[in-house]
Amino acid sequence: MATGLTQARIIDIREVSVPLSGALANAVVNFASHDVSLVAVISDVIRDGRPVAGLAFNSIGRFAQPGLLNRRFIPRLLAADPETLAGGPNGAPDPAKIRAAAMRDEKPGGHGDRASAVAALELAIWDLAAKLGDEPAWMTISRAFGSTPHRNGCDVYAAGGYYYSGDTTRTLTDELKSYLDLGFTAVKMKIGGAALAQDLTRVEQAIGILGGAGNVAVDANGRFDRAAALDWGQRLDGYGLRWLEEMGDPLDLGTHAALTKALQTPIATGENLFSRQDLRNLIGFGGARPLRDIFQMDAGLSYGLGEYAGMIADLEAAGHSRAQIMPHGGHLINLHIVTALGLGGCEAYPRVFEPFGGYSAQCRLQDGRISPSDAPGFGLEQKQGLRPHIQGLLE
């Protein structure tokens with residue numbers, strides 16, 4: 001970590017909407033038209049003749065938020081007195097103060113897309129802080145939160161098994177075998193986009209390829225009503241799968257509670273919960289079981305790392321373990337967060353959702369465990385597909 005740091009000030013904030021590549025679909029959403037907001041927070045600190053800039057984005061699976069960012073949140077931050085934003089790690093602005101300034105005059109509740117817009121800005125401050133300290137983001141984050149990080153990599157699974165145009169059994173076979181070749185030992189696949197019998201055949205094939213049901217999770221993306229969720233859940237329960245994800249609407253806590261009562265397989269949810277209050281409702285009314293069920297909240301969709309850390313605290317207070325927390329969004333930012341906070345594992349999007357999905361070549365993947373590179377910050381500059389977008393944003 002660099003020493004003798006001075007307080008950095010924000011001199012500009014920029015956003016660009018970047019389309020995702022590929023024509024993937026799950027049981028509910030076609031991602032062909034999806035994009036992501038890439039943001040750069042430019043500081044007044046000059047190194048190697050250029051301003052140090054923090055980079056981040058608003059996760060994957062929602063749309064870019066140029067309107068919210070450029071009309072509301074970015075102008076509020078640029079108008080704020082720099083002294084009121086000071087006090088963050090390594091001389092960066094304070095991420096909590098950044099969020100508070102961005103949310104000025106916003107009503108509580110109704111989180112929606114603003115949660116991901118604000119998250120992109122808050123996470124960019126963490127990237128900036130790590131770069132000012134000349135260290136990987138996981139080190140900055142771990143120190144700031146007093147957590148015990150993973151030192152020998154963290155568990156990772158490959159998220160895939162999507163429905164492709166003209167999909168065949170052979171296509172799924174080739175896809176899953178390619179993940180094994182990359183060093184993954186567990187996968188998550190989509191269900192609910194085909195008839196139950198067809199999807200059961202797909203699941204059984206995945207179990208055979210991965211060498212056991214404990215290496216396979218399934219994701220319905222909120223596709224089912226309560227009756228269908230219970231029907232599919234009961235048919236899947238006997239396999240011993242790693243988990244069943246979002247079998248019903250993420251805010252249908254009654255269905256979630258019914259599933260946890262009826263089934264032995266772990267139930268996973270949370271990627272579409274955008275605040276601590278959302279999570280508290282799940283804890284209080286969703287029937288989540290300590291040491292069994294999986295929580296997948298995503299800092300990039302829920303106001304950033306500060307709110308996310310509060311969610312972890314709420315889970316631990318309710319008797320849940322960090323081993324149960326595996327954030328949605330298979331990308332570099334969440335890899336650093338999982339590593340820093342000692343969470344249960346992370347998702348990966350190998351070869352899909354580019355240029356944001358997946359990890360850089362410099363990350364170390366072996367035998368189902370992944371470690372970040374030593375690049376300062378989140379290392380987004382090491383993602384080859386992101387480089388031209390980053391360069392265009394910083395020019």
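Tutor: Begin with one definition. A polar contact is a pair of N or O atoms within 3.5 Å; within protein, one must be able to donate a hydrogen and the other to accept it. Keep in mind that this is a predicted model.

Student: Which side chain makes a polar contact with the side chain of glutamate 245?
Tutor: The side chain of lysine 188 does, at 3.1 Å. Glutamate 245 lies in strand S7, residues 244-245.

Student: Is glutamate 245 buried or exposed?
Tutor: Buried means under 20% relative accessible area. Glutamate 245 has 0%, so it is buried. Leaving out residues up to four places away in sequence, glutamate 245 touches several others, including Lys188, Asp219, Glu271 and Gln296.

Student: Where does UniProt list "binding site"?
Tutor: At Asp219, Glu245 and Glu271, in an unreviewed entry. These residues are spread over 53 residues of sequence. Yet they cluster in space, with a largest C-alpha distance of 11.6 Å.

Student: Where does aspartate 219 lie?
Tutor: In strand S6, residues 216-219. Its relative accessibility is 1%, so aspartate 219 counts as buried. Residues up to four places away in sequence aside, aspartate 219 touches Lys188, Met189, Lys190, Ile191, Glu245 and Glu246. The side chains of aspartate 219 and lysine 190 are joined by a polar contact of 2.8 Å.

Student: Which residues does UniProt give for "active site"?
Tutor: Lys190 and His328, again from an unreviewed entry.

Student: How do I place lysine 190?
Tutor: Find strand S5, residues 187-190. Lysine 190 is there. Its relative accessibility is 4%, so lysine 190 counts as buried.

Student: Where is histidine 328 found?
Tutor: In the loop between helix H11 (305-317) and helix H12 (332-341). Histidine 328 is buried, with a relative accessible area of 6%. Its side chain reaches the backbone oxygen of isoleucine 60 at 3.3 Å.

Student: What is histidine 328 in contact with?
Tutor: Set aside neighbours within four places in sequence. Among the contacts of histidine 328 are Ser59, Ile60, Glu271, Gln296 and Leu301. Asn334, Glu347 and Tyr349 are also included.

Student: Which helix holds serine 116?
Tutor: Helix H4, residues 114-132. Serine 116 is buried, at 2% relative accessible area. A polar atom of its side chain lies 2.9 Å from the backbone oxygen of aspartate 113. Beyond neighbours within four places in sequence, serine 116 is in contact with Asn58, Gln65, Gly300 and Leu301.

Student: Now strands. How many bridges join S2 to S3?
Tutor: Two strands pair if DSSP finds at least two bridges between them. Here, seven bridges join strand S2 (residues 35-47) to S3, and the strands run antiparallel. Isoleucine 46 stands opposite proline 51 in S3.

Student: Why is strand S3 called largely enclosed?
Tutor: Count its buried residues. Strand S3 covers residues 50-57. Six of its eight residues are buried, so the rest of the structure largely encloses it.

Student: What do S2 and S3 form?
Tutor: They form a hairpin with two residues between them. Aspartate 48 is in the turn, with a positive phi of about 50 degrees. Aspartate 48 is not a glycine. It is exposed, with a relative accessible area of 81%.

Student: Where is tyrosine 303 found?
Tutor: In the loop between strand S9 (294-295) and H11. Tyrosine 303 is not a glycine, although it has a positive phi of about 70 degrees. At 1% relative accessibility, tyrosine 303 counts as buried.

Student: How do the axes of helix H7 and helix H8 cross?
Tutor: Helix H7 is residues 196-210, and helix H8 is residues 226-236. Their axes come within 11 Å and cross at roughly 35 degrees. The crossing of H7 and H8 is right-handed. Leu196, Asp199, Leu200 and Val203 in H7 meet Asp231, Trp232, Arg235 and Leu236 in H8.

Student: Which peptide bond is cis, with omega near 10 degrees?
Tutor: The bond from glutamate 354 to proline 355. Proline 355 is found in the loop between strand S10 (346-348) and strand S11 (364-366).

Notes
Residues numbered from 1 in each chain as written. Predicted model: local features only at pLDDT ≥ 70, side-chain atom pairs only at ≥ 80, totals over all residues. Heavy atoms only, no water. Helix = DSSP H or I, 4+ residues; strand = E, 2+ residues; numbered from the N terminus. Buried < 20%, exposed > 50% of the residue type's maximum accessible area, 1.4 Å probe, protein only. Contact = heavy atoms within 4.5 Å. UniProt positions renumbered as here; feature names shortened; annotations may be inferred. Axes fitted to C-alpha atoms, helices over the stretch in contact; angles between N-to-C directions. Left-handed = near helix turned anticlockwise from the far one by under 90°.
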